[in-house]
Amino acid sequence: MRPVRPAFVPDPDASREVMESLQREVAAAATWTDDFDFATESVGAVDRSLSAPDADPPLVAGVDQAFPEDRAVSVVVVTRGDTVVERAHAITDLAIPYVPGLLAFREGDPILAAFSELAADPDLVVFDGSGRIHYRQAGLATHIGVTLDLPSVGVAKGLLCGTPDEAVDGRPEGWRAPIRADADVENAKPGTAIGHAFQSRQYDSSRRINPLYVSPGHRVGVGTATDLVERLCDGYKLPEPTRRADAYADELKREHDGNARE
DNA sequence: GCGACAG
DNA sequence: ATCTTGTCGC
């Protein structure tokens with residue numbers, strides 16, 4: 001496995017104060033400018049032949065979890081272009097309940113356990129949850145991205161904090177608007193863009209779909225994070241790596257549930 | 001006290 | 001996140 005930075009490993013037994021101060025350290029260690037060696041255009045889309053003829057597409061990992069009973073099923077699915085290269089998972093006991101703002105302390109260790117089973121070294125990791133859109137700018141995607149020192153992005157289905165530039169309802173596919181820091185976001189000048197609301201999918205008629213909330217995890221800029229996610233969505237609401245991880249986690253969860261009722 | 005709050 | 005069937009629409 002890839003080296004972990006021990007100073008940032010989320011300890012589920014820590015007190016709330018210690019958790020929050022670790023998050024401040026994580027935010028200080030995080031970088032929100034592009035720092036990766038692949039081309040943004042080489043990520044995602046089925047037809048990349050025109051934009052990147054000879055480049056090998058980067059390894060993109062999707063991370064997701066399912067929670068059978070009091071345990072966590074954490075999975076990492078690594079894709080190169082359209083091909084799944086590797087899947088890894090870990091099943092662990094859950095130590096602490098979900099607390100908004102402290103998600104990485106509930107899910108971080110279980111996710112790192114899944115990464116410890118992974119042989120591949122991803123170029124980018126897509127997380128289910130916020131990155132920089134966080135009270136201390138250290139959401140799950142940032143925390144684990146920094147811990148593994150990998151470029152990462154956070155994709156959330158709901159907004160944790162911050163203020164959208166405009167109303168987000170009923171926007172057309174492809175629309176995006178900055179999410180700006182407000183009084184709830186530490187160490188950011190109010191007005192600083194910390195992520196985007198992004199309409200990855202929208203129906204032409206009838207029912208409306210909510211936008212995604214995309215933010216940088218680590219080693220990715222705000223605009224690039226959304227560019228990458230846009231390329232990975234390819235007609236669906238969620239990015240391909242996330243959908244693959246979702247499916248694998250569900251599969252393992254059903255397996256787990258099946259074994260449990262016997 | 002009230003409201004808000006990723007998964 | 002999880003508990004869950006049908007149902008509307010392309």
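1. Asp227 is partly exposed, since its relative accessibility is 31%. The side chain of Asp227 meets that of Arg176 in a salt bridge, at 2.9 Å from N to O. Arg176, at 26% relative accessibility, also counts as partly exposed. Asp227 belongs to helix H4 (residues 222–233) and Arg176 to strand S7, so this pair ties together parts that are 51 residues apart in sequence. Please keep in mind throughout that this is a predicted model.

2. Some salt bridges share partners: Arg5, Asp35, Asp149 and Arg219 are joined by them into one network. Of these residues, Arg219 deserves a separate comment on its backbone. Its place is the loop between S9 and H4, and Arg219 has a positive phi of about 60° although it is not a glycine. With a relative accessibility of 16%, Arg219 counts as buried, because the limit for that class is under 20%.

3. The whole structure holds 15 salt bridges according to the search. One of them is formed by Arg24 and Glu186, whose closest N and O atoms are 2.8 Å apart. Arg24 sits in helix H1 (residues 16–29), while Glu186 sits in the loop between strand S7 (176–180) and strand S8 (193–198), so the contact ties together parts that are 162 residues apart in sequence. Both ends are partly exposed: Arg24 has 34% relative accessibility, and Glu186 has a relative accessible area of 27%.

4. A further salt bridge links Glu251 and Arg87, with the closest N and O atoms 3.9 Å apart. Glu251 comes from helix H5 (residues 240–260) and Arg87 from strand S3 (residues 83–93), so parts that are 164 residues apart in sequence are tied together by the pair. Glu251 counts as partly exposed at 39% relative accessibility, and Arg87 counts as partly exposed at 42%.

5. What is the order of the strands in the open sheet of nine strands? The order is S3-S2-S1-S4-S5-S9-S8-S7-S6, and the pairing is mixed. S3 and strand S6 (163–164) are the edge strands, each of which pairs on one side only. Strands of a sheet pair through backbone hydrogen bonds, in either a parallel or an antiparallel sense. S1 and strand S2 (residues 71–80) take the antiparallel sense, over eight bridges. Within this part of the sheet, Asp64 has Val75 in S2 as its bridge partner.

6. The largest pocket has a volume of about 340 Å³. Its lining is made up of 24 residues, and those closest to the pocket centre are Tyr98, Leu103, Asp128, Gly129 and Ser130. Which element gives the most to the lining? That is H2, with four residues. By residue class, the lining of the largest pocket divides into 12 nonpolar, eight polar and four charged residues.

7. Gln199 lies in the loop between S8 and strand S9 (212–218). Is Gln199 buried or exposed? Gln199 counts as buried, at 0% relative accessibility. A polar atom of the Gln199 side chain lies 3.0 Å from the backbone oxygen of Arg201. This buried side chain therefore has a polar contact, because a pair of N or O atoms is counted within 3.5 Å.

8. Asn187 is another non-glycine residue with a positive phi, here about 55°. Asn187 lies in the loop between S7 and S8, which is also the loop that holds Glu186, the salt-bridge partner of Arg24.

Note on methods: Residues are numbered from 1 along each chain as its sequence is written. Chains are lettered from A and ligands numbered from 1 in the order in which they are written. This is a predicted model: local features need pLDDT of at least 70, side-chain atom pairs count only at pLDDT 80 or more; totals for chains, interfaces and linings use all residues. Side-chain values use heavy atoms; hydrogens and water are left out. On a 1 Å grid over the protein atoms alone, a cavity is a set of points where a 1.4 Å probe fits but cannot get out, and a pocket is an open set with protein on both sides within 12 Å along at least five of seven lines; lining residues have an atom within 4 Å of a point. Grid points are joined across faces, edges and corners, and a volume is the space filled by probe spheres set on the points. Helices (H or I, at least four residues) and strands (E, at least two) are DSSP runs, numbered from the N terminus. Ala, Val, Leu, Ile, Met, Phe, Trp, Tyr, Cys and Pro count as nonpolar, Asp, Glu, Lys and Arg as charged, and the others, Gly among them, as polar. A salt bridge is a side-chain nitrogen of Lys or Arg within 4 Å of a carboxyl oxygen of Asp or Glu. Buried means under 20% relative accessible area, exposed over 50%, partly exposed in between (1.4 Å probe, protein chains only). Two strands pair if DSSP finds at least two bridges between them. A polar contact is a pair of N or O atoms within 3.5 Å; within protein, one must be able to donate a hydrogen and the other to accept it, and residues adjacent in sequence count only if both atoms are side-chain atoms.
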